[in-house]
Amino acid sequence: MVLPLSVRKAMGLHGEAKVILTIEDDEVRLSPIARGVSRAQALYREHAKTVRTTDDFLSDRKEEALADADAPGPKKLSK
């Protein structure tokens, strides 16, 4: 989708910037991805109890996936 220059300027978009398109009821909202990332980072800083790196997070997810694979019950198919 190509947005008019005036809209891109008003939103602070440059080059091939990406946006989040949200539809609620009969309204469409466009938000720059960077704004969503900034909000998520701020929420994390506000609520995080310990300092964790991306590597910590990925390591935890891998451990959870291994535990899920070892658990009894139906297995999820991987792609």
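**View 1. R61 is partly exposed, with a relative accessible area of 32%, and it pairs with E64 in a salt bridge.** Partly exposed lies between buried, under 20% relative accessible area, and exposed, over 50% (1.4 Å probe, protein chains only). The closest N and O atoms of E64 and R61 are 2.7 Å apart; a salt bridge here is a side-chain nitrogen of Lys or Arg within 4 Å of a carboxyl oxygen of Asp or Glu. E64 is partly exposed too, at 42%. Both residues sit in helix α3 (residues 54–70), and because they are three residues apart there, about one helical turn separates them. Helices are DSSP runs of H or I with at least four residues, strands are runs of E with at least two, and both are numbered from the N terminus.

This is a predicted model, in which local features need pLDDT of at least 70 and side-chain atom pairs count only at pLDDT 80 or more, while totals for chains, interfaces and linings use all residues. Residues are numbered from 1 along each chain as its sequence is written, and side-chain values use heavy atoms, with hydrogens and water left out.

**View 2. R52 and D60 form a salt bridge.** Their closest N and O atoms are 2.4 Å apart. R52 counts as partly exposed because its relative accessibility is 35%, and D60 is partly exposed at 25%. The structure holds two salt bridges. Side chains of opposite charge can pair when their charged atoms come close.

**View 3. S31 is a buried residue in this model.** You will find S31 in strand β2 (residues 27–32). S31 counts as buried because its relative accessibility is 13%. Leaving aside residues up to four places away in sequence, S31 touches M11, V19 and I20, where contact means heavy atoms within 4.5 Å.

**View 4. Stepping back, the protein has three helices and two strands.** Along the sequence they follow the pattern α-β-β-α-α. The radius of gyration, taken over C-alpha atoms, is 19 Å, whereas a compact globule of 79 residues would have one near 12 Å; the globule rule is 2.2 Å times the number of residues to the power 0.38. Taken along the principal axes, the C-alpha atoms fill a box of roughly 55 × 30 × 25 Å. Buried residues make up 6% of the 79 residues. Among contacts between residues at least 6 apart in sequence, 3% join residues at least 24 apart.
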